[in-house]
Structures are given as C-alpha cells and as structure tokens.
Amino acid sequence: MPNIKELEDFVSQVRRDIVRQVHQVSSGHPGGSLGCTEFFVALYQEVMKRKEGFDMDGKGEDLFFLSNGHISPVFYSVLARSGYFPVDELNTFRKIDSRLQGHPTTHEGLPGIRVASGSLGQGLSVALGAAQTKKLNGDDNLVYSLHGDGELQEGQNWEAIMYAAANKVDNIIATVDLNGQQIDGSTDDVLNMGSVRAKFEAFGWDVLDIEKGNDMAAILEGLKEAKSRTGKGKPVCILLHTIMGNGVDFMMYTHAWHGKAPNDEQLEKALAQNPETLGDY
C-alpha cells in the first residue's frame with residue numbers, strides 16, 4: 001500500500017516549488033498547477049511504470065503527455081523531484097536560455113518532456129499516436145495524458161476523441177482536469193460544454209469520475225480503477241474534479257490566478273500554508 005502521508009508531504013513541497021517558480025519571474029500559471037498537484041504526484045510517484053533515466057522512445061514503460069502545457073510549474077517540479085533533472089534547475093524557470101520554458105518544449109532536450117505543448121488541443125492526438133505505436137511494437141504499457149476542461153473547447157480534441165474510440169485505442173487513459181475555470185472566467189460562462197461525461201460516452205469512451213480530485217487516496221483509487229478498464233476495446237477517460245489554486249486559500253475557486261504571479265507578501269502567505277518537506281531548491 002502507498003504511504004499517503006509521504007505522498008502528501010511530496011505534494012506540499014511541490015506546491016512550494018510552484019509558487020516560488022512563478023513568483024521569481026513574475027510570470028506563469030499557478031492556479032491550474034496547484035489544482036493538479038496531487039494528480040501529478042500520484043502518477044509519477046506511485047502509478048506509472050517508469051524506467052531509470054530517460055529516452056524519447058519510451059519503450060517498455062508508461063508514458064505521460066501534458067496537453068495543457070501552461071501548467072508547466074507543477075510538471076517541472078514533479079519531474080525534478082522524481083529524478084529527471086536537478087531540482088536546483090527550477091531556479092531557471094522562464095528565464096533566458098532556460099530549458100524550463102513557460103510551456104514545455106523539446107528542443108533543449110529536457111528529460112521527461114516528450115512533446116512541446118504550448119498550443120492547446122493537440123495533446124490527445126500526440127498521446128494516441130504513442131499509444132498506437134505501443135500496440136504496433138507489442139508493448140503492453142500504458143499512455144496517460146492530461147487536459148484542461150477549457151481546452152476541450154478546441155475542436156481538434158473531438159476529432160481525436162472520435163478517432164480513439166473508432167480505432168479501439170484501449171491502452172490510453174486521458175484525464176480531464178474539471179476545475180470549471182479558464183483564463184477569461186468560468187468554463188460555463190465562456191463556452192458551456194454541457195455534460196463532458198455524456199459527450200465522451202457518446203463518442204465511445206469508458207468514463208469514470210474522481211469526485212475528490214485533490215484527495216490523494218481518491219486519486220490513487222481512481223487511477224487504479226482506470227487501469228483495470230484498459231485493454232477492453234475502449235479508450236478510458238478520467239474526469240478529475242479539482243479546485244483551481246488548491247492549497248493556497250486566496251487562489252482557490254477563481255480564474256483570477258490562472259496566469260498571475262503572487263507578489264512578495266502573497267508568496268509568504270502561500271508558503272506558510274504549505275510546509276517545506278523535501279527541502280526548497
């Protein structure tokens with residue numbers, strides 16, 4: 001059984017990394033990063049089958065693709081603290097000549113990054129290509145992807161969603177971060193999508209909800225259930241119900257912190273709510 005306390009301590013440190021990265025350069029996206037912290041920690045510390053080191057082929061291991069690349073602060077923190085690159089490199093976030101660009105890119109060869117994800121709506125298409133490649137190679141490992149709920153307003157997603165079911169790509173688990181917020185406001189106000197579950201099911205996917213998307217035990221149980229549904233002829237979708245800005249009280253439940261950096265005073269308040277557990281970079 002996983003040690004929930006250790007994973008939650010990991011989460012606390014990642015939250016510190018997120019707000020410190022964004023504060024240092026007065027730029028970045030803390031809201032969605034904080035909301036998905038538990039998911040990333042669960043995935044990389046407990047759920048995914050990962051090899052030592054990193055290579056772009058990714059044979060013989062599970063793969064992850066981040067589609068909503070603007071939440072790079074959480075991705076970089078978890079990758080660094082999972083051993084992909086030195087933790088102190090987080091100091092270079094969004095700086096000139098850094099490998100840690102605002103949106104993940106591959107041209108600098110940053111370990112853990114398999115695709116550039118700055119333009120929204122493209123991640124599922126890439127993940128499906130990787131999943132089908134695994135099938136062709138006789139590799140029975142899984143492909144995971146993460147998408148924003150506002151991102152689903154991009155049409156390419158629905159072409160990919162339709163394609164996945166039609167081609168029985170059943171070795172993929174696509175997670176949608178349902179926090180109900182996007183840069184211009186709530187997703188309902190910007191472009192109401194109705195029932196995301198009903199849409200995925202209508203397109204032929206097997207769908208499950210993780211209602212407590214910021215609860216480590218619930219996420220682990222949900223991911224375990226999702227894995228059990230793979231290999232049965234349907235792609236699998238997790239609807240992850242999260243709170244934007246989770247773990248920092250003044251950033252929660254609002255789109256205001258989608259792409260806004262905390263000032264010095266706000267940083268101290270955020271850090272005070274998330275104890276240092278693994279050592280700051």
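Predicted model: local features only at pLDDT ≥ 70, side-chain atom pairs only at ≥ 80, totals over all residues.
Residues are numbered from 1 along each chain as its sequence is written, and side-chain values use heavy atoms, with hydrogens and water left out.

Helix 1 has 22 residues, and from its first C-alpha to its last it reaches 32 Å, close to the 32 Å expected at 1.5 Å a residue, the expected span being 1.5 Å times one less than the number of residues. Helices (H or I, at least four residues) and strands (E, at least two) are DSSP runs, numbered from the N terminus. Just after helix 1, Ser26 takes a positive phi of about 50°.

Now to the packing of helix 1, residues 4-25, against helix 9, residues 216-228: their axes come within 10 Å and cross at roughly 110°, where axes are lines fitted to C-alpha atoms, for helices over the stretch in contact, and angles run from 0 to 180 degrees between N-to-C directions. That makes helix 1 roughly perpendicular to helix 9, a label used for 65 to 115 degrees. Ile4, Leu7, Glu8 and Val11 in helix 1 meet Met216, Ala217 and Leu220 in helix 9, contact meaning heavy atoms within 4.5 Å.

Further along helix 1 we find Arg15, which counts as buried at 8% relative accessibility, buried meaning under 20% relative accessible area with a 1.4 Å probe, protein chains only. The side chains of Arg15 and Glu38 are joined by a polar contact of 2.4 Å, and, leaving aside neighbours within four places in sequence, Arg15 is also in contact with residues including Leu34, Thr37 and Asn274. Glu38 is itself one of the buried residues of helix 3, and helix 3, residues 37-47, is mostly covered, with nine of its eleven residues buried.

Finally, His147 in strand 2, residues 143-148, is buried at a relative accessible area of 3%.

Key. Parallel < 35°, antiparallel > 145°, perpendicular 65-115°, else oblique. Buried < 20%, exposed > 50% of the residue type's maximum accessible area, 1.4 Å probe, protein only. Polar contact = N/O pair within 3.5 Å; in protein donor to acceptor, adjacent residues only side chain to side chain.
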